[in-house]
Amino acid sequence: MNQTTTLERPRAGAAASLEVSHALTQTLYREARRLDDEDYAGWVAMLADDLHYHMPGIETRYRRDTTDQVTDLTRMAYYNDSLDEIKKRLTRLETGTAWSEDPATRYTHIITNVEVENTDKADEFRVFSNFYAYRNRNERDEDSLIGNRIDIWRETGGAYQLVRRRIILKHNIMLSKNLNIYL
Amino acid sequence: MRMERLGREPEFSRYMDLKEGWLDRRIFSDADIYEEELYRIFARSWLFVAHESQLPRAGDFLTTHMGEDAVIVTRQPDGSIKVYLNSCPHRGNKVCFADAGNTRRFVCNYHGWAFNTAGELQGMHEEYCYDEGDIDRKKNGLRQVARVGSYKGLVFATFAEDGPSLDAWLGDFRWYLDMLLDNEEGGTELIGGCIKSVISANWKFGVENFIGDAYHAGWTHDSGCRSMNNGQPFPPIDMENSYHASVNGHGWEFGTEGVGDLFLLGRPKVMEYYEKMRPKMADRLGTMRSQIFGSVASASIFPNVSFLPGISTFRQWQPKGPMQFELKTWVIVNKAMPDDIKDEVTKGVMQTFGPGGTFEMDDGENWENCTTVNRGVVTRHERLHYRCGIGRQIDHDTLPGIVYRGQYNDANQRGFYQRWLDMMEATDLGAMPPRPEPRLTGIAETRDLPGLFAL
């Protein structure tokens, strides 16, 4: 193919140290566990104040089409949120009237293919990962959401905080009635 | 077009009594009724296929569905729009697999039959295999729809050769539509891209929810409203000064307080923008419509488009069998809006009425369960209650349509199912009665309606 797709990810950079890679891989797993457990206070504590959390809607287009479907923030997106906006969404769960969360949805986030790289900033690291998020609720409602993520994590006081996340879901038509989940 | 199934004796009136206010549950899951809907409604209605802003340049195209029929919508070099089946006349394969783009031609992957953007057959791979007389290229283009029309940016198409014009189809509903499509100089556009999701429910549940069901909002969406607005509950409904209006099966339910939907969007900058604009809107559309815009409101265009004026979600419910639809979601904004306001509206819509939106999340589960539970062999023979507000019809000097007082009402839903019944039973679309008799006859612009500025 002489044309690449516009969904290409940044070229790989220099791998981070074993120690940082290990710490960040564990951080991703911890984040996934908190999301599985609906420990949203614990999850928000892992998010930086200047967070940008972005999951663009991806149309099916021909390879020759150069429309920027990933980084153009004016286009339709499932999420295009700051930390305050994420917190605003989460307050829905505290109202006691989020009917479609009671009975609770059962979640499992599986995080794989983790690669950790250095960036231009000494305290920030680029982290590639894949996710498989499985949801099941009520009798037999079930969804599988699968895709890639590219994150920037920042080291602050011995822990890491998520600064940027771009999520590329592999669905064209999201095969689910809603998206009551963070990826 | 020939539709052989229309010869059957229609008996759809037994599925409802709208004067009494009930529906038979079978219309929400029965496979035979669904097949008839595809023939009688989707193959004969004016269906929304695109917004003009999605196809700015010659060669721009998008793919969509009319009922379950796959179609391509393209902008022609002369600026017109053509709509034709996305199906090769040779073996029926799709000739376009992309959601949207720009092209000079569509070539079938199977045998290389090539069509220009007008849908005309231009050539085939290894054409020498066809002897003289084997194929008439002129007769083997992509099958065009019967008619294409547009109203203030919205492009519609129909497979029906005969039947009402688009203007007659929309009728007096144009008076309401202009609040969405023409509230500011320059008209509207859709934000780039489209979010699609699948809901395992009958398509009519989505349409009827938006056409008139203000009633569900304060209960279903209590959590959504509070999350967007610092814990504040739904604004109270004024049953005296809010209405249902139904025209030819389309419907708009609305308050007149001017701010409810803008409040629900949870974006103060957008609220400020419209507040500044409101006097201009009054000059443009009259005081009444400037007071309606931004109020708690929702609307649907028969048969399968819905939107929230003020919140700016714009969507289509595409049928995929009796118990499933695909929901296509866009954001509609005024072209003249500054970029930062467009950005605020887009974020606001996706935080409220995207699949991950705080309102949207609680809708799908209701519709799915309404659909699956109604299918039980005993359950399906129980009637559903559609009688709310059945005695509240009024005549209103300013508001066109069949008007009922009080926004908590099943009136527009009854109007929608009346039109559903009209179309299911009509052999001649031209003989369907207007519901109600139009006021806008002979008036090209709803601004020109006499008495518009009286209130």
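A polar contact here is a pair of N or O atoms within 3.5 Å; within protein, one atom must be able to donate a hydrogen and the other to accept it, and residues adjacent in sequence count only if both atoms are side-chain atoms. The model is predicted, with local features needing pLDDT of at least 70 and side-chain atom pairs pLDDT 80 or more, while totals for chains, interfaces and linings use all residues. Residues count from 1 along each chain as its sequence is written, chains are lettered from A in the order in which they are written, and side-chain values use heavy atoms, leaving out hydrogens and water.

**Exercise 1.** Find the side-chain partners of Asn148(A) and say whether Asn148(A) is buried or exposed.

*Solution.* 
- Start with its place: Asn148(A) sits in strand E5 (residues 141-156) of chain A. Strands (E, at least two residues) and helices (H or I, at least four) are DSSP runs, numbered from the N terminus.
- Next, the partners. The Asn130(A) side chain is in polar contact with that of Asn148(A) at 2.8 Å, and the side chain of Lys170(A) makes a polar contact with it at 2.6 Å.
- Last, accessibility: Asn148(A) comes out at 12% relative accessibility, so it counts as buried. The cut-offs are under 20% relative accessible area for buried and over 50% for exposed, with partly exposed in between (1.4 Å probe, protein chains only).

**Exercise 2.** Describe the interface of chain A and chain B, from its totals down to one salt bridge.

*Solution.* 
- Count residues: 38 from chain A and 45 from chain B are in contact, where contact means heavy atoms within 4.5 Å.
- Now the area. The two chains bury about 3,500 Å² between them, with 53% of it on carbon and sulfur atoms; that's accessible area (1.4 Å probe) lost on putting the two parts together, summed over both.
- Then the polar side: there are 26 residue pairs in polar contact across the interface, both residues at pLDDT 80 or more.
- In chain A, the elements giving two or more residues to the side that touches chain B are strand E2 (77-81), helix H3 (83-90) and strand E7 (173-174). E2(A) gives the most, with 4 residues.
- By class, that side of chain A has 11 nonpolar, 13 polar and 14 charged residues.
- Salt bridges come to 6, by the rule of a Lys or Arg side-chain nitrogen within 4 Å of an Asp or Glu carboxyl oxygen. One of them joins Arg137(A) to Glu365(B), at 2.7 Å from N to O.

**Exercise 3.** Explain why helix H4 (residues 203-212) of chain B counts as largely enclosed, and find what caps its N-terminal end.

*Solution.* 
- Go through the helix: 10 of the 10 residues of H4(B) are buried, so H4(B) is largely enclosed by the rest of the structure. Among them are Trp203(B), Phe205(B) and Glu208(B).
- Look at the N-terminal end: Asn202(B) is the cap, with a side-chain oxygen 3.0 Å from the backbone nitrogen of Lys204(B).

Conventions: Ala, Val, Leu, Ile, Met, Phe, Trp, Tyr, Cys and Pro count as nonpolar, Asp, Glu, Lys and Arg as charged, and the others, Gly among them, as polar.
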